[in-house]
Amino acid sequence: MSNLERHSYDVVVIGAGGAGLRAAVEAREAGLSVAIICKSLFGKAHTVMAEGGAAASMGNVNDNDNWMVHFRDTMRGGKFLNHFRMAELHAKESPDRIWELEMWGALFDRTSEGKISQRNFGGHEYPRLAHVGDRTGLELIRTMQQRIVALQQNDARDFGDAESHLKVFAEVTITDILKENGKVSGVYGYRRENGEDVLFEAPAVIIATGGVGKTFKITSNSWEGTGDGHALALKAGANLVDMEFLQFHPTGMVWPPSVRGILVTESVRGEGGILTNSNGERFMFKYIPDVFKDKYADNEEEADRWYLDQDNNRRPPELLPRDEVARAINSEVKAGRGTEHGGVFLDVSKRLSAEVIKKRLPSMWHQFFELAGVDITKEAMEVGPTCHYVMGGVEVEPDTAAAIGVPGLFAAGEVAGGMHGSNRLGGNSLSDLLVFGRRAGMGAIAYLKNNGANPVSEGAIKAATAKIAAPFTREGGENSYSLHAELQEITHNLVGIIRTGKELEEAIEKIAAIRVRSANVSVSGGRLFNPGFHLAFDLDNMLLVAESTAKSALRRQESRGGHTRDDFPSMDSKWRQVNHISSFDGTQINVREQGLPAIPKELFDLFDVHELEKYMTPEEIAKGGSN
Amino acid sequence: MARIVNLRIWRGDSTTGGLKDVSVEVNEGEVVLDAIHRVQATQMGDLAVRWNCKAGKCGSCSMEINGKPRLACMTRMSSFEEGETVTVTPLRAFPVIKDLVTDVSFNYKKAMEIPSYQPPADLKAGEARMQQVDVERSQEFRKCIECFLCQDTCHVIRDHEENKKSFAGPRFFIRIAELDMHPLDILKNRKQTAQEEHGLGMCNITKCCTEVCPEHIRITDNAIIPMKERVVDVKYDPVRWLGSKIRKREGII
């Protein structure tokens, strides 16, 4: 292609959500030239949807909080399947990342002392979430976006061109990560606006593409959550870890149908919202698992007292980790105690005044009033589980965010795996993307000290060009919209919140059948901003991700966090020692077992040994950590 | 209850285009974006439309619905009369790329022209102290989801391409106001530059921007008018001008 649009950078960041932007800031501040690529317009990434807050043990509201408490909560939430080192780095570094945002202009809600206010959330022992009402994600992404602009203004001053060293390429889809001599050499894709190809040559590539929710029928994710980074990494030779773990957020909207799945923030429960079934029963008391019995109230009186006195009462069970609450709601609905539209009731109107609700939960009030005609200051919301977050993701080195197996490739944020184990705590994603976004930037900086430009070969360009052109060369093939709908139906019915071996086997077969048909997708219209054409590539990514999830889920014969097997309903310490590693051989996904890294003694000793006995085998306990 | 609705959708590109009539099924509770998506999936596979969150939080699906700048995800189909034809067209103030998608890069260029937040040089991370009441004024403006509906509706640029060069628009007036009212920002003259470099003076406070804001930000009353008043004050009163410099450093103004 003689007229191919070509660019050359030190670092290319795929994804302009919180993790991608934080990585770009780090790399630019170190003097590197950086391209930021986003599928949407700049500032629209899914981070904007995060509502509740960013978890960081600043101790502004309760000074008993510190990184060790946060670390323990994170490991408990993930049922100890987390990569210990990621959980440790995250707990230690998140306060600095929040304070840094404030230096860049973020305006968090304040305590009476004028510090950053922190709110309660599920699974967090103390009030820990820095927030701005219920629009924290918007504050975070806007702050990062404005930080990027500030760096560009510096470049305009120093080099006469704002985009000389840091440029945002909006509405570009990446279809290939390119390699030469076994190392990353760049990325290839097309501009969504006009469908024309574009090549970025860069020795370091950071994937920060977010999640996979659009693989499912009911999801809180936008159209962008199609597992692009997961699939790009697989095709480049990287691994995915523990893709069976998907978080179904317990509270998505269920009515009307057009908004089904849209998120209802956990802050509603953090601020005192209670869950009831159609009999008016506050059912969560029935669902407190043994491992959490000493931390959660088993009666209404104590649960209600906790809002006033947190030191002498146990927490209300509405604030259990998300996997527990989602399963409980699912069980209530299945048992026939659901609402008319298949959810349960969530009510905050009885605990807070209308004025306080509108102040602390403004976008929830707005969302229900405008989209469902429900006034949450007066009536209960109807809610049910929605596919929200993937804990699994690219297998990385914790300290550098380097993708294992592909020199020059890095991954951070939701697309990376390991940090959250089998279940993520609310509030830990915004802090995760700041901590590991920065570390991915640092990883790329360190890598480039020993690795220079790695030119892309003509052969690689030719293959990537042909791939993008292919859907236009076929005629009378399948429609990508209907194949996507079929895939969502399969994942919803067979790989959803409750799974069985038989259904997972069926899902694997059916996903493979769609893969075969998807090779024949054809597109109507031209290359100019053509959503049908765009979906053809998203579909390919979603199919790979769904296959990885179904195959990992079939192997894991236990229930843990975001993976529930009806045929293996209990948690098994033996399975805690196993990560599932997915790789792609060009035809299909292969899943193998890999031993979980052993937790070192100093982190092991942060826990009461009796608590660890609930998760670990007697041999592990006897060993007392790895060194 | 499903019903059939007539949509009239603008289809075309930067060179040519026109309204196309189409009938589509609509179900209870659906919004305009749902109807457009159904058209896309069943009748016009290449119909171009931007959207992301579908919950009024990202500001991507801005378009004109029956001539009014709106978010398609927050406009319910039930708000139209039975049998009414719903006309959807791209934002008029920006060049069309294709169908309902416009080139909004004007806004990103203007964002680049606003001087960034500048904290005091001696402020250390973690040591900022601000009262809630003091951050709330700026927080109102930080609710902005950058849907650019205010930019689209503003008379100064809607029909006057020539004004775009010297006029930043309501979205960026609230950005300037937000920084100006930020308790810790130390950059001086934000109001003056709003007037002199970003075209604040061209605004004749018709409040059209406030009316279309899906976040209900009081753009005119809380950002534009207070800045205009201050600019007039300091312009004609040197003592006030000097006082404002001193007070600003001390975080009073």
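# Reading a two-chain model

Me: How many residues of domain 2 of chain A are in contact with domain 3 of chain A?

Reply: First the general idea: two residues are in contact if their C-beta atoms, placed from the backbone, lie within 7 Å. Here 5 residues of domain 2 of chain A touch 5 residues of domain 3 of chain A. On the domain 2 side, helix α8 (residues 322-334) of chain A gives the most, with 4 residues. Helices (H or I, at least four residues) and strands (E, at least two) are DSSP runs, numbered from the N terminus. By type, this side of domain 2 of chain A divides into 2 nonpolar, 1 polar and 2 charged residues. Ala, Val, Leu, Ile, Met, Phe, Trp, Tyr, Cys and Pro count as nonpolar, Asp, Glu, Lys and Arg as charged, and the others, Gly among them, as polar.

Me: What should I know about the model and its numbering?

Reply: This is a predicted model, where local features need pLDDT of at least 70, side-chain atom pairs count only at pLDDT 80 or more, and totals for chains, interfaces and linings use all residues. Residues are numbered from 1 along each chain as its sequence is written, while chains are lettered from A and ligands numbered from 1 in the order in which they are written.

Me: What is the mean pLDDT of chain B?

Reply: pLDDT is the predictor's confidence in each residue, from 0 to 100. For chain B the mean is 92, and 91% of its residues reach 70 or more. For the complex, the predictor gives an ipTM of 0.92 and a pTM of 0.94.

Me: Which domains is chain A divided into?

Reply: Domain bounds come from an automatic or database domain assignment. Chain A has domain 1 (5-245 + 391-458), domain 2 (250-386) and domain 3 (471-576). The C-alpha centres of domain 2 of chain A and domain 3 of chain A are 30 Å apart.

Me: Which domains does chain B have?

Reply: Domain 1 (3-102) and domain 2 (105-249). Their C-alpha centres lie 31 Å apart in chain B. The contact between them takes 12 residues from domain 1 of chain B and 13 residues from domain 2 of chain B. The domain 1 side splits into 7 nonpolar, 3 polar and 2 charged residues.

Me: How many residues does the contact take from chain A and from chain B?

Reply: Chain A gives 52 residues and chain B gives 47 residues. On chain A, the elements giving two or more residues are α3 (84-103), α4 (136-159), α10 (362-372) and α15 (531-555). The largest share, 8 residues, comes from α4(A). The chain A side holds 22 nonpolar, 17 polar and 13 charged residues.

Me: How do I read a sheet?

Reply: Strands of a sheet pair through backbone hydrogen bonds, either parallel or antiparallel. Two strands pair if DSSP finds at least two bridges between them. Chain A has an open sheet of 4 strands, in the order β1-β10-β9-β8, with mixed pairing. β1 (5-8) and β8 of chain A stand at the edges with a single partner strand each, so one side of each is left without a neighbour in the sheet. The twist averages 20° from one strand to the next. Angles run from 0 to 180 degrees between N-to-C directions, and axes are lines fitted to C-alpha atoms, for helices over the stretch in contact.

Me: How many bridges join β9(A) to strand β10 of chain A?

Reply: 5 bridges, and these strands run antiparallel. One pair to find is Tyr190(A) with its bridge partner Asp197(A) in β10(A).

Me: Which residues of strand β11 of chain A are buried?

Reply: In a regular strand the side chains alternate between the two faces of the sheet. A residue is buried if 20 or more other C-beta atoms lie within 10 Å of its own, exposed if 12 or fewer, and partly exposed in between, with C-beta atoms placed from the backbone. In β11 (residues 204-207) of chain A, Ala204(A) and Ile206(A) are buried on one side, and Val205(A) and Ile207(A) on the other. Strand β2 (residues 11-14) of chain A runs parallel to β11(A), with 4 bridges. There Val12(A) stands opposite Val205(A). β11(A) also pairs in the parallel sense with strand β18 (residues 409-411) of chain A, over 3 bridges. In β18(A), Leu409(A) is the bridge partner of Val205(A).

Me: Is Asn181(A) buried or exposed?

Reply: Asn181(A) counts as exposed because it has 8 C-beta neighbours inside 10 Å. Asn181(A) sits in the loop between β8 (172-180) and β9 (183-191) of chain A. Its phi is positive, about 50°, although it is not a glycine.

Me: Where does Ile205(B) lie?

Reply: In the loop between α7 (190-196) and α8 (208-212) of chain B. Phi of Ile205(B) is near 40°, a positive value in a residue other than glycine. Ile205(B) has 13 C-beta neighbours inside 10 Å, so it counts as partly exposed.

Me: Which residues does a cis peptide bond join?

Reply: Trp255(A) and Pro256(A), with omega about -5°. Look for Pro256(A) in the loop between β13 (246-253) and α6 (267-270) of chain A.
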